[in-house]
Structures are given as C-alpha cells and as structure tokens.
Amino acid sequence: MTTFDLLREFGHEQLVISQDPGANYVGIVAIHDTTLGPALGGTRLWNYAKIEDALVDALRLARGMTYKSAVAGLPLGGGKSVVIGDPARRDREACFRAHGRFVDTLGGRYITAADVGTSSADMELIHFETKHVAGLPGQSGDPSPVTGYGVYMAMKAAARARWGNDSLAGKRVAMQGAGKVARYLARHLHEEGVKLLVTDIDAGKVQRFAADFGAEAVGLDAIYDVAADIYAPCALGATLNDQTIPRLKVEIICGGANNQLAEPRHAAAVEKRGMFYTPDYVANGGGVINICREIEGWSEERALHKAAGIYDTVQRVVEVAQREKVTTAEAADRLAEERLAAVRALRAVRR
Ligand code: NAD
C-alpha cells in the first residue's frame, strides 16, 4: 500500500514533510482529523530505514490518536509527528528547534508532546519556537499515574461485563511488564486484594513488584501460559497474535500497552476463545487525558475524574458490541466514529 493509498483510505486532512539540512533535520507531521479540536500527538524520533516507513508510521499513529481522543471525550483531534534520526542523537537543540519552527507554521492545528525517543527536555526545545507543545517540564508531568488509574477502571468495567460484578478482589492478574504504567496499575490492584503475577526483561523491576505488591515472578514467555483471570499487557504491542492467543488461559484482556492486537482480525480470534478484549486505546486513554489537562489547564483531580470515566466508556463499548454483534474492538471504533460524525454535523454559525 502506498502513502497515497493510506491517505485516501484513512481520510487524513494533511501530511507535511519538512527539512532543514543545516540542522540535519527531516520531519513529518500527519494530521488525521481536527473535527473535535486541534490534532494532538507526540513526536517520535526514530531511525527509519526508509522515508516510506516513517510516512506510514506517522499516518497510522495519527489516525490512532483521533480514535483515542474521541473515545476519551476530549476536545482534541488526532495527529502525530515523526523525526527521522537516531533516538540518541546529541544535536538535539538544532533538531527540535527546527521541528518546533515547522510545527509553528501549522498555526495550532497540531499540538505535539513527547513520544518514543523524545522527552520533556526535547519539548522544552520545541517550546523555544512554538507554543503548540505539551508535556513540558514542570507541567502535567509523567502521564503514567493517570494512565495506570484509567487501566484499572477499564479492568473493573471489563470484570463487570464478564462476571456481572466489578470487584477484582481475589482475582489473579498476569502482568506483562513492570514499568511505569504497570506499577501504578499494580498499586490499585494490590490495594483491592488482587494476586499479581509479573514478568519483565528487567529482573530488578520484578523483584520490586514482589517486595511491594507480593507479586509472583513469571518467565518472559511463560506469562502467556499462566492460569490467571486477567492478562494485562503493559509492555509491548502486538502480543495478541496467532502464537499467543491459543496459549492464553484468562477470561479478560486489559492492559496499558498500545496496539495490543497484531492485526485487526485478532480481536475476533480472542473472542472466539471466549476471552473479553478491552480495546487498548480505550483502556490507556489516561495518557492523552493527562496531556489535555496541560492544554486545558485542568487540575490533576479533574484529570483523574476524567480517567475514571473510562469505566463508563468500556460499558458503552460492551453495549454497542452486543447490540451490533461486533467485536469490542469494532464497537470502540464505532463509538469514536459516532462522536466524530455528530460533531461534523454541527451547523457552521457565523460570528
Ligand atoms: P515503561 O518503559 O516504563 O515500561 C515498559 C516495561 O516493559 C519496561 O519495564 C520494560 O523493561 C518492559 N519490557 C520490555 N520488553 C518486554 C518483554 N519482552 N517482556 C516483558 N517486559 C518487557 O513504559 P510505560 O510508560 O509503562 O508504557 C508501557 C506501555 O503502555 C507501552 O506500550 C506504552 O506505549 C503504553 N502507554 C503508556 C502510557 C503512559 O502514560 N506511560 C500511556 C498510554 C500507553
């Protein structure tokens, strides 16, 4: 599929490629949809083998942001930018000031933030050139507490859908990854009396989970075979695939990782095996809610309240899935598309 095929199929509004040879900078901004508000999405710094790979990544990620913000009920659209280069590059000021200048030319149609390969320090460099950047030092800060809380609320709603009761006390949750989001999620689960099983490539993090939450350590690959009630992917994407789905012995899948399904068809494969899939971008919407907090000037309390609403969103996903006889993943997409269509249909009123 070419870039133009993707643009047409996904219906992006705009795709911008910019360069500044003096700064050794090549960047792409993809704006998918600004129906609900300015397009928000992070800047990814990555060594793409080909420019086409970078374009496709930016287009797919931008579209994902439209859906994520739409179901989170935020006044934001979807966009993403990609800067081509080594994530460890040292010439960061030139690179990110160049990026900031190009982001500024979009006049606020696109707001950026940190993503893979970039940090709040890089956002500060972008901020030298444009005000259309969030995730600055001393502002909304690490989104993981809000994300972890949102995943916890999603898990409770999933429990209600599966078992008719949202209590997680006494359940066994198999967590893949013991990073930032997993840690905040684990704290809520531990407080509710959940038995945690955990794996991570970093043995030190697993040990801390054992000490802090009484978690049982599991091997990296064995996480797919453990007998548990819930599998919580909180590390990598694409861990629900042809190899892993037949191995899982859980009733619910709910975690913080992005892009959990290797391919869209895996949503049906999960359901065919009798497991409830909590759409990833619904469950982990706390991260974008936290960024919105900085843009809209919300308190942390208000952001947490908004993240608590993820519980209701999962319930709405379940209603749509049952009514329209589609997977929960398709139901989440329909909810997002419904909101976009409703706002698109608003009458244009002249001031
Ligand atoms: P993190 O880097 O703190 O945690 C990820 C953890 O996964 C690390 O501890 C890492 O060692 C571990 N890991 C990597 N490969 C692994 C493997 N093969 N098996 C087991 N563990 C492995 O990152 P995070 O911020 O906690 O994010 C976790 C996931 O949630 C990512 O997919 C991220 O895109 C997504 N997410 C995060 C946020 C947020 O607010 N931080 C928001 C939305 C989505």
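This is a predicted model: local features need pLDDT of at least 70, side-chain atom pairs count only at pLDDT 80 or more; totals for chains, interfaces and linings use all residues.
**Entry 1. Ligand surroundings**

I began with the ligand and listed what surrounds it. There are 18 residues around the ligand, and T147, K180, V181, D200 and K205 come nearest. I then looked up polar pairs between side chains and ligand oxygen. For T147, a polar side-chain atom sits 2.7 Å from an oxygen atom of the ligand. For K205, an N or O atom of the side chain is 2.7 Å from a ligand oxygen atom. For N258, the distance from a polar side-chain atom to an oxygen atom of the ligand is 3.0 Å.

**Entry 2. T147**

I stayed with T147 to see where this residue sits in the fold. T147 belongs to helix α5, which covers residues 144-163. Is T147 buried or exposed? Its relative accessibility is 7%, and buried means under 20%, so I noted T147 as buried. I next looked up its contacts, leaving out neighbours within four places in sequence. T147 is then in contact with V181, A283, N284, G286 and G287. V181 is also among the residues that come nearest the ligand.

**Entry 3. R162**

I moved along to R162, which is placed in helix α5 as well. Which residues does R162 contact beyond four places in sequence? I found E251, I252, G274 and F276. The E251 contact took a second look. R162 and E251 are 89 residues apart along the chain, yet their C-alpha atoms are separated by 7.7 Å. A polar atom of the R162 side chain lies 3.2 Å from the backbone oxygen of E251. I recorded this pair as side chain to backbone.

**Entry 4. W46**

My next residue was W46, in strand β4, residues 43-46. I put W46 down as partly exposed because its relative accessibility is 41%. Leaving aside neighbours within four places in sequence, W46 is in contact with V83, I84, G85, P87 and V116. I also checked a C-alpha distance to G117. W46 and G117 lie 71 residues apart along the chain, and their C-alpha atoms are separated by 6.6 Å.

**Entry 5. L74**

I looked up L74, found in the loop between α2 and β5 (77-84). Its relative accessibility is 0%, so L74 counts as buried. Not counting residues up to four places away in sequence, L74 touches L36, S69, V288, I289, C292, W298, K306 and R339. L74 and G148 are 74 residues apart along the chain, with their C-alpha atoms separated by 18 Å.

**Entry 6. Second largest pocket**

I then turned to the second largest pocket, which has a volume of about 160 Å³. What lines this pocket, and which residues lie nearest its centre? The lining has 13 residues, and A70, V71, G73, T313 and R316 lie nearest the centre. By element, α2 (51-71), α12 (310-324) and α13 (328-344) each supply at least two lining residues. By residue class, I noted six nonpolar, three polar and four charged residues in the lining.

A238 has a phi of about 60°. A238 is in the loop between β10 (230-233) and β11 (252-253). With 34% relative accessibility, A238 counts as partly exposed. The phi of N259 is near 50°. N259 lies in the loop between β11 and α8 (266-272).

Definitions and conventions:
Residues are numbered from 1 along each chain as its sequence is written. Side-chain values use heavy atoms; hydrogens and water are left out. On a 1 Å grid over the protein atoms alone, a cavity is a set of points where a 1.4 Å probe fits but cannot get out, and a pocket is an open set with protein on both sides within 12 Å along at least five of seven lines; lining residues have an atom within 4 Å of a point. Grid points are joined across faces, edges and corners, and a volume is the space filled by probe spheres set on the points. Helices (H or I, at least four residues) and strands (E, at least two) are DSSP runs, numbered from the N terminus. Ala, Val, Leu, Ile, Met, Phe, Trp, Tyr, Cys and Pro count as nonpolar, Asp, Glu, Lys and Arg as charged, and the others, Gly among them, as polar. Buried means under 20% relative accessible area, exposed over 50%, partly exposed in between (1.4 Å probe, protein chains only). Contact means heavy atoms within 4.5 Å. A residue is near a molecule or strand if one of its heavy atoms lies within 4 Å of it. A polar contact is a pair of N or O atoms within 3.5 Å; within protein, one must be able to donate a hydrogen and the other to accept it, and residues adjacent in sequence count only if both atoms are side-chain atoms.
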